[in-house]
Amino acid sequence: MFRVLGSSGGLSGNPQKGSTCIQLNGETLIDAGTGLSSLQLSEMKAIRHIFLTHAHMDHIAALPTFVSNLFDQSRLPLKVYGLAHSLERLKQHIFNNDIWPDFTQVQDNGTSMLELVEIKPGQVIEHQGMTLTAFEVPHAIPTIGYAVQQPKVSAHSHFVFCADCIVTDALVSKLNELPPISTLMVECSFPDRLEEVAIKTQHMTPSLVSRLLEQLEKPPHSVWITHLKPSYEEELRDVLRAEPWHVL
Ligand SMILES: Nc1ncnc2c1ncn2[C@@H]1O[C@@H]2COP(=O)(O)O[C@H]2[C@H]1O
């Protein structure tokens, strides 16, 4: 149903392990971290839609060079969807004709290479046979997760990606409002001994992930752990081995 192209919470030192990028179908990604570079060039050229969770660098790092890869294609613009905060930051700090060309500008051929499309928390988007529900998650900057249902693939497929987040009552309530989850992808950036840093930076530790899962009324069929910070990856994997979770 989906393909994880990148799951690291940073620069992992392993070319096979880029930062956050999830492929939903041949044309659609969630986030554009360095994991995007694991696609073949022909696969990249097929991508037309990217749904962003937030504007932190490990989730957008590959976007500028990826857009310029599409330069020789005068087809429809690449659509990048995200919160107003994320899109404004992209325009202001990246696609500003300084750090990188403003590919949202209409070119001589009357098309632009990049279209920024605002989505709001709670918005439900029907997209190529999938239903994506954007939901607010607590993080250091405005961030959304996505609940993705693909009834054509399976009536029971319900993939929920919580993005970068920390456990709060609001997040638990949001997840409990959703239909039963087949795969829950949740981050775990720091070990328990660094809970203070995790709270400060609004990220999860193994204990905080457990706290979240304990409060879910309908346990997900499977739990996938993502976004391990490279400096703590080995330590985290040792601890997470004891849990019935799939660690990316
Ligand atoms: N006070 C801090 N102490 C340690 N690391 C930090 C601090 N603030 C930000 N960071 C790091 O900066 C990163 C920015 O992206 P992330 O939120 O994924 O994860 C964050 C942390 O890894």
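**Aromatic pairs, ligand shell and helix packing**

Modeller: At 22% relative accessibility, Tyr-232 counts as partly exposed. Bear in mind that this is a predicted model.

Colleague: What average pLDDT does the chain have?

Modeller: The predictor gives the complex an ipTM of 0.92 and a pTM of 0.96. Within the chain, 98% of the residues score at least 70, and the average pLDDT is 95.

Colleague: Is the pair of Phe-2 and Phe-159 stacked or edge-to-face?

Modeller: The count of aromatic pairs comes to six. In the pair of Phe-2 and Phe-159, the centres are 3.9 Å apart and the planes make an angle of 20°. Planes under 30 degrees apart count as stacked, so the pair of Phe-2 and Phe-159 is stacked.

Colleague: How many residues apart are Phe-2 and Phe-159?

Modeller: Both Phe-2 and Phe-159 are buried. Phe-2 sits in the segment before strand E1 (3-8), while Phe-159 belongs to strand E11 (residues 158-161). The pair therefore links distant parts of the chain, and the two residues are 157 residues apart.

Colleague: Which residue forms one aromatic cluster with Phe-2 and Phe-159?

Modeller: Phe-2 and Phe-159 are paired with each other. The cluster that holds Phe-2 and Phe-159 also holds Trp-224.

Colleague: Which class does the pair of Phe-190 and Tyr-232 fall into?

Modeller: Phe-190 is in the loop between E12 and H6 and Tyr-232 in the loop between E13 and H8, so the pair ties together parts 42 residues apart in sequence. Phe-190 is buried, with a relative accessible area of 8%. The ring centres are 5.6 Å apart and the planes lie at 50°, so the pair of Phe-190 and Tyr-232 is tilted.

Colleague: How much of the area that the ligand exposes when taken alone does the protein bury?

Modeller: The residues around the ligand include His-56, Asp-164, Phe-190 and Lys-229. An oxygen atom of the ligand lies 3.4 Å from a polar side-chain atom of His-56, and side-chain N or O atoms are found at 3.5 Å for Asp-164 and at 2.8 Å for Lys-229. Taken alone, the ligand exposes 450 Å², and the share buried by the protein is 56%.

Colleague: Which element gives the most to the shell around the ligand?

Modeller: Among the residues of the shell are Val-197, Lys-200 and Thr-201. The element that gives the most contributes three residues, and that element is H6.

Colleague: Which residue has a side chain joined to that of Thr-131 by a polar contact?

Modeller: Thr-131 lies in strand E9 (residues 130-137) and is buried, with a relative accessible area of 16%. Leaving aside neighbours within four places in sequence, Thr-131 is in contact with Val-124, Ile-125, Glu-126, Ala-147, Val-148 and Gln-149. A polar contact of 3.0 Å joins the side chain of Thr-131 to that of Glu-126.

Colleague: Which strands are included in what covers the buried residues of H7?

Modeller: In helix H7 (residues 206-214), the buried residues are Pro-206, Leu-208, Val-209, Ser-210, Leu-212 and Leu-213. Their cover includes the helices H5 (169-177), H6 (195-201) and H8 (233-240). The strands included are E12 (183-187) and E13 (222-226).

Colleague: And which strands are included in what covers the buried residues of H4?

Modeller: The buried residues of helix H4 (residues 84-94) are His-85, Ser-86, Leu-87, Leu-90 and Ile-94. Helix H2 (57-60) and helix H3 (63-69) are part of the cover. The strands included are E6 (78-82) and E7 (114-118).

Technical notes
Residues are numbered from 1 along each chain as its sequence is written. This is a predicted model: local features need pLDDT of at least 70, side-chain atom pairs count only at pLDDT 80 or more; totals for chains, interfaces and linings use all residues. Side-chain values use heavy atoms; hydrogens and water are left out. Buried means under 20% relative accessible area, exposed over 50%, partly exposed in between (1.4 Å probe, protein chains only). Helices (H or I, at least four residues) and strands (E, at least two) are DSSP runs, numbered from the N terminus. Contact means heavy atoms within 4.5 Å. Rings of Phe, Tyr and Trp (its six-membered ring) pair if their centres lie within 6.5 Å; planes under 30 degrees apart count as stacked, over 60 as edge-to-face and the rest as tilted. pLDDT is the predictor's confidence in each residue, from 0 to 100. A polar contact is a pair of N or O atoms within 3.5 Å; within protein, one must be able to donate a hydrogen and the other to accept it, and residues adjacent in sequence count only if both atoms are side-chain atoms. A residue is near a molecule or strand if one of its heavy atoms lies within 4 Å of it. Accessible areas come from the Shrake-Rupley method with a 1.4 Å probe; for residues, only the protein chains shown count as cover.
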